[in-house]
Amino acid sequence: AAFMVPTEILAVQHYEHLTSLLEKLDGDECKPNIALLTGSTSTRESRIIRNGLKTGEISMVIGTHTLIADKTDFSALRISVIDEQQRFGVIQRGRFNNKLYTSSSKLSDENTSADVASDSETFMAPHVLAMSATPIPRTLALALYGDMSLTQITDLPPGRQPIETLALEGNDAGFETVFQMMRDELMDGGKVYLVYPIIEESEHLPQLHAAKADFDSIKQKFEGYPCGLLHGRMKGNEKDEALGSFRSGETRILLATQVIEIGVDVPDASMMIVMNAERFGMSQLHQLRGRVGRGGKKSRCVFLSSTSSTLPRLKVLENSSDGFHLANADLVMRGPGDLLGKKQSGHLPEFPIARLEIDGSILQEAHLAALVCCPPSGKSSFPLFLDLH
């Protein structure tokens, strides 16, 4: 089994969680041998893990983009899981899929007869499970085309509460409203994320707020509430320290970039404000919003837009927390892209009449009819997309 995720922090979380689950199994002979392979894995350890994957000694690997490296090979891979699949590009997903098809002759051990091995000289595909709480338009398009079976989990995880979402224009009145909401939240014992599109101010994009540039002004504005800073240029230990301080309550306000989008779990974080929200994709905003509302406290998320013209897209998020509804709205606005190419947005020129986002139900009906007329053989495996709402 191979489990690929987009960030190292998420890979470590999955690895630790799976390790704790396996510890509950009785009998060492039942426990699969699992490994963690990321960019931080030492050269020596990486070589050992890759050799174990090639020989089959390692049953399961959790990793980042290292799993699609040329020197990473799998033996008899039977299931592949891609978490947060919207974070991977077309080429990255394609490279991973190319690694999944292994000749079944590799399965034959030294005790298997030559006749049996020659008869099984076919290529076998493992089962593929792609997961996301924030599907992009392309994902929805692939599901509509029938390339994926679609399963939706529409219930919130235990203990989660709906997040109150507001989309406001980032003018003087908007900031006054938001900062007052922040004060109320902090006085009530909450913690606040401030998310920025860039780290430092840009001469080319003067309208954008920057995390480092705003740090001192936020400290002065909310004196008495310690502030922290987290962005992608910080070293690993600095990131861990900043996040640890926020998690422990040593800091109550965390100014961050989109590095917190995936894998960050602070249950008592109760408010998020996204600056220049129009600079983020819809799925990205939905994912960021999921960093709050993870505990028992009622949570809020505010999207501040640079201009009033970009508010309508953000209002869609204000009115829905359903990942597939948002993907469909994004599909209407941006299009599914080139399904046979690299482009992940834009309307399809090969459909002069039909629109996928409007007429997709016809494709679904055709797919079901095809399955009835020609059901798949038992040897086939179908990719499954799971919406982790």
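This is a predicted model: local features need pLDDT of at least 70, side-chain atom pairs count only at pLDDT 80 or more; totals for chains, interfaces and linings use all residues.
Visitor: Is T307 buried, partly exposed or exposed?

Guide: The relative accessible area of T307 is 36%. Buried requires under 20% and exposed requires over 50%. T307 therefore counts as partly exposed.

Visitor: What is the C-alpha to C-alpha distance of T307 and G170 in space?

Guide: In sequence, T307 and G170 are 137 residues apart. In space, C-alpha to C-alpha, the distance is 7.1 Å.

Visitor: Which residue has a side chain joined to that of T307 by a polar contact of 3.0 Å?

Guide: The contact links two side chains at 3.0 Å. One belongs to T307, and the other belongs to S309.

Visitor: Which element gives the largest share of the largest nonpolar core?

Guide: This core has 30 residues, of which Y193, I260 and M272 touch the most other members. The elements that give two or more residues to the core include β10, β13 and α11. The largest share, 4 residues, comes from α10.

Visitor: Which residues is I260 in contact with, leaving aside neighbours within four places in sequence?

Guide: I260 is one of the residues that touch the most other members of the largest nonpolar core. With those neighbours left aside, its contacts are Y193, V195, L230, M272, L288 and R291.

Methods: Residues are numbered from 1 along each chain as its sequence is written. Side-chain values use heavy atoms; hydrogens and water are left out. A nonpolar core is a set of buried Ala, Val, Leu, Ile, Met, Phe, Trp, Tyr and Cys residues joined through side-chain atoms within 4.5 Å. Buried means under 20% relative accessible area, exposed over 50%, partly exposed in between (1.4 Å probe, protein chains only). Contact means heavy atoms within 4.5 Å. A polar contact is a pair of N or O atoms within 3.5 Å; within protein, one must be able to donate a hydrogen and the other to accept it, and residues adjacent in sequence count only if both atoms are side-chain atoms.
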